[in-house]
Amino acid sequence: MQVPDEVLEDFRNHCFFCMKYLGLGEPSPLQYAIAECVQNGPKDMQLQAGRGAGKSTIVAMYASWLLLNNPNTTIMVLSATQDKAIKFISQVRQILSLVPYMKHLLPKEHDKDSAFGFNVGIRDKVGQDLSCYAKGISSQITGSHADHIIADDVEIEENADTPYAREKLLEKLAELEQIRNPVKDGTIRILGTFQSTDSIYLKLPYPIIKFPAVKPDLNNPTE
């Protein structure tokens, strides 16, 4: 099936079809706004939104869209635990299976295809790093490489409950610049909402883009 031009050009159109085939209905205005920001926002950024906004789902769709536009690209997904990153990878893999114009990207018989990551079937660039793969933030990430890095909820209570723990987490995140390949369109997308003024998210060098659950009425500032 031919990939529609409007899908390749505008990530929001891809979101529409992903939501449709995942059985999630049409994206909400907030989700369309997040999608537009993910595509056209800063090259590296932190994206923050309330629980239930669907930011992880939108960014999993973004990962699949990156593969659609460039089957040779590589994406590393980081989370506080590898299990959480694996769930993210699973959603990306599901999109390849369910969305008709994505199926040419499915891993072929001899391609790497596991819970920890996969290679797309039409990839023709040989490399050690998979097309899309999962890592826990506390695991060995030195030596890994990727064109795009997605960090999804890397800070949780268990790994950031003391000043020492937060400092170790910041040291890990400082490695992202060495992990990212020096490609023109490489991005870093960090998802997570800080829970205190000591949060590591407030100490990272990447701009924070916030999406509030309720949009203020500029014509009635008292509400």
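1. Before we get to the pockets, here's the word itself: a pocket is an open set of grid points with protein on both sides within 12 Å along at least five of seven lines. Keep in mind that you're looking at a predicted model.

2. With that in hand, take the second largest pocket, which has a volume of about 150 Å³. Its lining is made of 15 residues, and those nearest the centre are Tyr 62, Trp 65, Leu 66, His 148 and Asp 185. Sorted by class, the lining of this pocket holds five nonpolar, seven polar and three charged residues.

3. Which elements supply at least two residues each to the lining of that second largest pocket? They are helix H3 (29-40), helix H4 and strand E7 (187-191). H4 gives the most, with four residues.

4. Start with H4's partner H2. Helix H2 covers residues 11-21 and H4 covers residues 55-69; the two pack at an angle of about 110°, and their axes are 10 Å apart. Angles of 65 to 115 degrees count as roughly perpendicular, so H2 is roughly perpendicular to H4. As for handedness, H2 passes H4 in a right-handed crossing.

5. Who touches whom here? From H2 come Phe 11, His 14, Cys 15, Cys 18 and Met 19, and they meet Ile 58, Met 61, Tyr 62, Ser 64 and Trp 65 in H4. The contact counts eight nonpolar and two polar residues, with no charged ones. Notice Tyr 62 and Trp 65: they meet H2, and they are also among the residues nearest the centre of the second largest pocket.

6. Now for H4's other neighbour, helix H5 (residues 82-98). The axes of H4 and H5 come within 9 Å and cross at roughly 55°, which makes H4 oblique to H5. This crossing is right-handed.

7. At this contact, H4 brings Ser 56, Thr 57, Val 59, Ala 60, Met 61, Ala 63, Ser 64 and Leu 67, while H5 brings Phe 88, Gln 91, Val 92, Ile 95 and Leu 96. By class, that's nine nonpolar, four polar and no charged residues. Met 61 and Ser 64 of H4 turn up in the contact with H5 and in the one with H2.

8. Last, have a look at the largest pocket, where there is about 550 Å³ of space. It is lined by 25 residues, and Arg 51, Asp 153, Glu 155, Thr 193 and Gln 195 lie nearest its centre. The lining of the largest pocket divides into six nonpolar, 11 polar and eight charged residues.

Key: Residues are numbered from 1 along each chain as its sequence is written. This is a predicted model: local features need pLDDT of at least 70, side-chain atom pairs count only at pLDDT 80 or more; totals for chains, interfaces and linings use all residues. Side-chain values use heavy atoms; hydrogens and water are left out. Axes are lines fitted to C-alpha atoms, for helices over the stretch in contact, and angles run from 0 to 180 degrees between N-to-C directions. Angles under 35 degrees count as roughly parallel, over 145 as roughly antiparallel, 65 to 115 as roughly perpendicular and the rest as oblique. A crossing is left-handed if the near helix is turned anticlockwise from the far one by less than a right angle, and right-handed if clockwise. Contact means heavy atoms within 4.5 Å. Ala, Val, Leu, Ile, Met, Phe, Trp, Tyr, Cys and Pro count as nonpolar, Asp, Glu, Lys and Arg as charged, and the others, Gly among them, as polar. On a 1 Å grid over the protein atoms alone, a cavity is a set of points where a 1.4 Å probe fits but cannot get out, and a pocket is an open set with protein on both sides within 12 Å along at least five of seven lines; lining residues have an atom within 4 Å of a point. Grid points are joined across faces, edges and corners, and a volume is the space filled by probe spheres set on the points.
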